[in-house]
Amino acid sequence: MQTPRRLSLALALTILLGACTASSGASPTPTPSDPPASTQPAPVVGSPEEAAARVLASDVRFTGILRLDRNLIGQGSWWDAEAQPGGFRVQVEIGWGDCPAGCINRHDWIFDVMADGTLTPVEETGEPLPGTTY
């Protein structure tokens, strides 16, 4: 239980703080150093690598596929990506059958990946993959 003196002191401080706040009449306003509030959500996908990661994660058959290296002989499976308005276009290719000579068979997928992370299949072409039925 509080003593009358402590209670009076607490009441006086409450009144004093309330009076100071009320008399200032000022409401908090942003200062120039405050960052502006964003009107758009931050992009989820901001680079070709992030777009490709979304695509590669979408299909177990793409596991372990690396970015296209034009200087690498025999790279049978690869991905490549390019920027386009609003996101990226990602191509994935799986090749097989004598890939050191350029691969006899190929299967390709093309996806659009938007900045918000939306993944849209655009095209799929090529030979059926070995061991799969379509």
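Mentor: Strands (E, at least two residues) and helices (H or I, at least four) are DSSP runs numbered from the N terminus, and two strands pair if DSSP finds at least two bridges between them. The model is predicted, so local features need pLDDT of at least 70 and side-chain atom pairs count only at pLDDT 80 or more, while totals for chains, interfaces and linings use all residues. Residues are numbered from 1 along each chain as its sequence is written, and side-chain values use heavy atoms, with hydrogens and water left out.

Let us begin with strand E4. Its partner is strand E5 (residues 119-126), and the two run antiparallel over seven bridges. In this hairpin four residues lie between the strands, and Gly117 adopts a positive phi near 100°.

His107 belongs to strand E4, and the residue opposite His107 in E5 is Gly126. With 4% relative accessibility, His107 is buried (under 20% relative accessible area; exposed is over 50% and partly exposed in between, with a 1.4 Å probe and protein chains only). The side chain of His107 makes a polar contact of 2.7 Å with the side chain of Glu124. Such a contact is a pair of N or O atoms within 3.5 Å; within protein, one must be able to donate a hydrogen and the other to accept it, and residues adjacent in sequence count only if both atoms are side-chain atoms.

We now turn to the aromatic rings. There are two aromatic pairs in the structure. Phe62 is buried at 1% relative accessible area, and Trp109 is buried at 4% relative accessibility. Phe62 also pairs edge-to-face with Phe111, at 6.3 Å centre to centre and 80° between the planes. This pair links the loop between H2 and E1 with strand E4, 49 residues apart. Rings of Phe, Tyr and Trp (its six-membered ring) pair if their centres lie within 6.5 Å, and planes under 30 degrees apart count as stacked, over 60 as edge-to-face and the rest as tilted. Phe111, like Phe62, is buried. Together, Phe62, Trp109 and Phe111 make up one aromatic cluster.
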